[in-house]
Amino acid sequence: LSLINDILDYSKSEAGKLEMEVSEVNLNKLVHNCVRIVTPRAEAAQVSLVEALPKEILNIVTDSKKFKQVLLNLLSNAIKFTPAGGEVRITAWADINKDTYMFEVADSGIGIAPKDISIAMSPFGQVDSAMSRKYEGTGLGLPLTKKFVELMGGKFEIESEVGRGTTVRFSVPREVKGSNKLIIRNAS
């Protein structure tokens, strides 16, 4: 079911027909809830999960379901590709000058060679290496996550090095402009 939903969401994004349900969201609670959801997976993998959020409440006007999917995809990937004893850290902060919130999900995992990042970002793309071959997945998580971030008006980037881990950074505006039901067409 998850695979089918990812394929449908990705198809909608390619056709420019994704809709956003925009409302005010407490990002501190949203991040904390996402961390709580993936904690059992991190514990089973013996990976430390660290939340580094500011003390002040970060409120945003965005699509909470899509934002949650972005965080869950990134956290799940980071945990999946981090060996036992490693760490996954999620950090958030406000960039007041740009009126955006910045997020970073960093892991101490197996990493991706810089030349393979474009493969990992392509639909159904999976980096084929001895290290990553044992991990299952469809290859839609990162491309869909990037589409959602862009749909919310944000920017998405990945830095990685084999054997040293991966850091995904993304920014989103503090407020997506529009009504409570915002339909965005041809967003890319």
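How much accessible surface does the chain have, and what share of it belongs to carbon and sulfur atoms? The accessible surface comes to about 10,200 Å², and 51% of that belongs to carbon and sulfur atoms; such areas come from the Shrake-Rupley method with a 1.4 Å probe.

## Basis

This is a predicted model, in which local features need pLDDT of at least 70 and side-chain atom pairs count only at pLDDT 80 or more, while totals for chains, interfaces and linings use all residues. Residues are numbered from 1 along each chain as its sequence is written, and side-chain values use heavy atoms, with hydrogens and water left out.

## Overall layout

The chain has five helices and eight strands, taken as DSSP runs (helices: H or I, at least four residues; strands: E, at least two). From the N terminus, their order is α-β-α-β-β-α-β-β-α-α-β-β-β.

Of the 188 residues, 45% are buried, meaning under 20% relative accessible area with a 1.4 Å probe, protein chains only.

## Aromatic rings

The chain holds three aromatic pairs. Rings of Phe, Tyr and Trp (its six-membered ring) pair if their centres lie within 6.5 Å; planes under 30 degrees apart count as stacked, over 60 as edge-to-face and the rest as tilted. F67 and F103 are edge-to-face, with 5.2 Å between centres and 65° between planes. F67 lies in helix α3 (residues 64-80) and F103 in strand β5 (residues 100-107), so this pair ties together parts 36 residues apart in sequence.

F103 is buried, at 1% relative accessible area. The ring centres of F103 and F170 are 5.0 Å apart and their planes at 10°, so that pair is stacked. F67, F103 and F170 form one aromatic cluster.

Technical notes. Buried means under 20% relative accessible area, exposed over 50%, partly exposed in between (1.4 Å probe, protein chains only).
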